[in-house]
Amino acid sequence: MGKRLQDRIALVTGASSGIGAATALALAEAGAKVAIAARRRDRLDELAKSLAARGAEPLVLEADLLDEHAAQRIVADTEKHFGRLDILVNNAGVMYLEPVAEADLGRWRRMLELNVLSLIASTQAALAGMRARKDGHIVNISSTAGRVANPNAAAYSATKFGVVAFSEALRREVYADGVRVSVIEPGAVATELREHIGHAQVQKALNAWAEGMRQLQAEDVADAILFCVTRPPHVSINEVLMRPTDQER
């Protein structure tokens, strides 16, 4: 099918593992030049080698995206290095699950800041250039938890419902500027995300539930992202809701 993203510039956050790493590789395979951002420099360096082998001219951006200034800086650094930013994939996030009555509010605050405010900060930084060029694509990663709220996931669902709402409001603000917005809502994915859960019983129950099905792989979600960003300019895929075939809720 050729290099559908030839000469396009992409930035992927949370790129050190899972969906972020798979997405960076998928975009590179399609011809994009890719900037990758995350906290774990060693993981980013390993990914950069794979990207370079695909001709992606990777830019490694070590950043703690809990800092809104860092979330904005990585956009500026990408634009400075490559001259512009065409595709922003806001993937960085965590999942802290526990009953409301036992919640660690400090942990939940960090989740809200990373899953929502960091995403907004990076998006805000990218908009000026995209609007000026009348071209750009923002891809936000949400979850089926942004559609169905379950016990022990109150705050996590709040962040993911928030990402869905933010994405739709943003779309309506920027569609006339030629900027496209997509939100991806995966169900159970076999990644490191469940390792973040600090409540042992909730983690054990969720792992048992997920391991009882054929889970999505990070590459499956990357394929959905690639589909969105390779549509013709007149086509905007606003939402992708995807679950494992075996997942009911």
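Predicted model: local features only at pLDDT ≥ 70, side-chain atom pairs only at ≥ 80, totals over all residues.
Local features here need pLDDT of at least 70, side-chain atom pairs count only at pLDDT 80 or more, and totals for chains, interfaces and linings use all residues. Residues are numbered from 1 along each chain as its sequence is written, and side-chain values use heavy atoms, with hydrogens and water left out.

**Stop 1: helix 4 and helix 5**

Select residues 105-133, which form helix 4, and residues 154-174, which form helix 5. Helices are DSSP runs of H or I with at least four residues, numbered from the N terminus. The two axes lie 9 Å apart at an angle of about 15 degrees; axes are lines fitted to C-alpha atoms over the stretch in contact, and angles run from 0 to 180 degrees between N-to-C directions. Helix 4 and helix 5 are therefore roughly parallel to each other (angles under 35 degrees count as such). Their crossing is right-handed, a term for a near helix turned clockwise from the far one by less than a right angle.

Now show side chains at the contact (heavy atoms within 4.5 Å). On helix 4, pick out W108, M111 and L112, among others; on helix 5, the residues include Y156, F166 and L170. The contact residues divide into 14 nonpolar, three polar and three charged. Here Ala, Val, Leu, Ile, Met, Phe, Trp, Tyr, Cys and Pro count as nonpolar, Asp, Glu, Lys and Arg as charged, and the others, Gly among them, as polar.

**Stop 2: the cavity**

Stay with helix 4, which supplies four residues, the largest share of the lining of the largest cavity. A cavity is a set of points on a 1 Å grid over the protein atoms alone where a 1.4 Å probe fits but cannot get out, and lining residues have an atom within 4 Å of a point. Select T13, L65, N90, N91, A92, L114, S118, L119 and S122 to see the lining. How many charged residues does the lining have? It has none, against four nonpolar and five polar.

**Stop 3: helix 1 and helix 7**

Select residues 18-29 and 218-229; the axes of these helices come within 8 Å and cross at roughly 50 degrees.

**Stop 4: the pocket**

Finish with D135, G178, R180, P233 and V235, which lie nearest the centre of the second largest pocket. A pocket is an open set of points with protein on both sides within 12 Å along at least five of seven lines. The lining has six nonpolar, six polar and six charged residues.

Terms used. Helix = DSSP H or I, 4+ residues; strand = E, 2+ residues; numbered from the N terminus. Parallel < 35°, antiparallel > 145°, perpendicular 65-115°, else oblique.
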